[in-house]
Amino acid sequence: MTITIATSNLNGIRAAKRKGIDAWARDNAPDVWCMQEVRAPQVELDPILDGFARDYVDAGRLSDTSGLARMNEVCRVKGRAGVGLVTDLEVTDRRFGLPGLTEDVDSGRWIETDVVTPQGYTITVACVYVHAGMAEDETKMAQKFRFLDAMGPRLEQLRDEAARGGRQAVLCGDFNIAHTPLDIKNAKGNVKHAGFLPAERAYVDRWIDDYEFVDVLRDLAGEMQGPYTWWSQRGRAFDNNVGWRIDYQFATPELAETARGFVIDKAPSYDARWSDHAPLTVTYDV
């Protein structure tokens, strides 16, 4: 029996709601759905998450709305970041934030939940939104690198837990880094831009080489150009598929081995999008 785990940057949950995200929720209803850039206060977010629960009922996944667990963290900087997660699996624990990060701008960027699969295995799912950064803005880049540095010890803990036969883990989210030239349409023109700086890409190298996390989509797709998950709102980037792959699922090795396929649900047209990102869904046979 398989489970589906999806990750999607919403580019504002209220805007996504107006643009039809509920139809996607009803059509897909993933077992775990990680969301980034929610960018809404709690009082407005709660009814939208409740609406997703009704979408799961309409999809036939749940008998009533109480079966969908909902969790989120709002960024303390108004209008920034914010992460959320819903799941129809049993939840045994929830954790919020990374140790050592106390700045308001670092909030609403990391939540974890431990869920039980239908086969009885407990896995950790982390929903992650890394700072975008801006190469010409030292403050913003310092914020991004500070967050990436704070991720390291937690990834090491998750790796060691999995290696000891404990919980496997998967990190899902918008990491705002294109790892290699395969992950960006115009690599040569972006080597000095945030998201493709060598110093940023080195963190992904470390996650894979030192912490032994697997880039699940790349492992499944092989050495092909793309597939991309984000397209600039400018020009005709979406229509011409001039994109970046910055949304990932990084899994511990044993969990990664159970991945059976992926879907990047790119909208059929620019006007049909509810975000500038496309959802990435991976099917696991845990």
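**A residue, a helix and the chain**

Modeller: Arg 159 lies in helix α4; helices (H or I, at least four residues) and strands (E, at least two) are DSSP runs, numbered from the N terminus. The model is a predicted one, in which local features need pLDDT of at least 70, side-chain atom pairs count only at pLDDT 80 or more, and totals for chains, interfaces and linings use all residues. Residues are numbered from 1 along each chain as its sequence is written, and side-chain values use heavy atoms, with hydrogens and water left out.

Biologist: Does Arg 159 count as buried or exposed, and why?

Modeller: Arg 159 counts as buried because its relative accessibility is 17%. Buried means under 20% relative accessible area, exposed over 50%, and partly exposed in between (1.4 Å probe, protein chains only).

Biologist: Which residues is Arg 159 in contact with, leaving aside neighbours within four places in sequence?

Modeller: They are Asp 210, Tyr 211, Glu 212 and Phe 213, where contact means heavy atoms within 4.5 Å.

Biologist: Let us turn to α5. How many residues does α5 have?

Modeller: Helix α5 has 12 residues, 198–209. From first C-alpha to last, α5 reaches 16 Å, close to the 16 Å expected at 1.5 Å a residue; the expected span is 1.5 Å times one less than the number of residues.

Biologist: Which residues of α5 are buried?

Modeller: Glu 200, Arg 201, Tyr 203, Val 204 and Trp 207 are buried in α5. They are on the same side of α5 because they cover an arc of only 140° around the axis, the arc being that of the directions from the helix axis to the C-beta atoms. On the other side of α5, Pro 198 and Asp 209 are exposed.

Biologist: What do the buried residues of α5 pack against?

Modeller: Their packing partners are α4 (138–163) and β12 (247–251).

Biologist: And the chain as a whole: how many helices and strands are there?

Modeller: The protein chain has seven helices and 14 strands. Of its 286 residues, 54% are buried. Among contacts with a separation of 6 or more, 72% are between residues 24 or more positions apart.

Biologist: What does the UniProt annotation cover?

Modeller: The unreviewed UniProt entry annotates residues 6–277 as "domain: Endonuclease/exonuclease/phosphatase"; such annotations may be inferred rather than shown by experiment. Over residues 6–277 the chain is 29% helix and 24% strand, with the end C-alpha atoms 13 Å apart.
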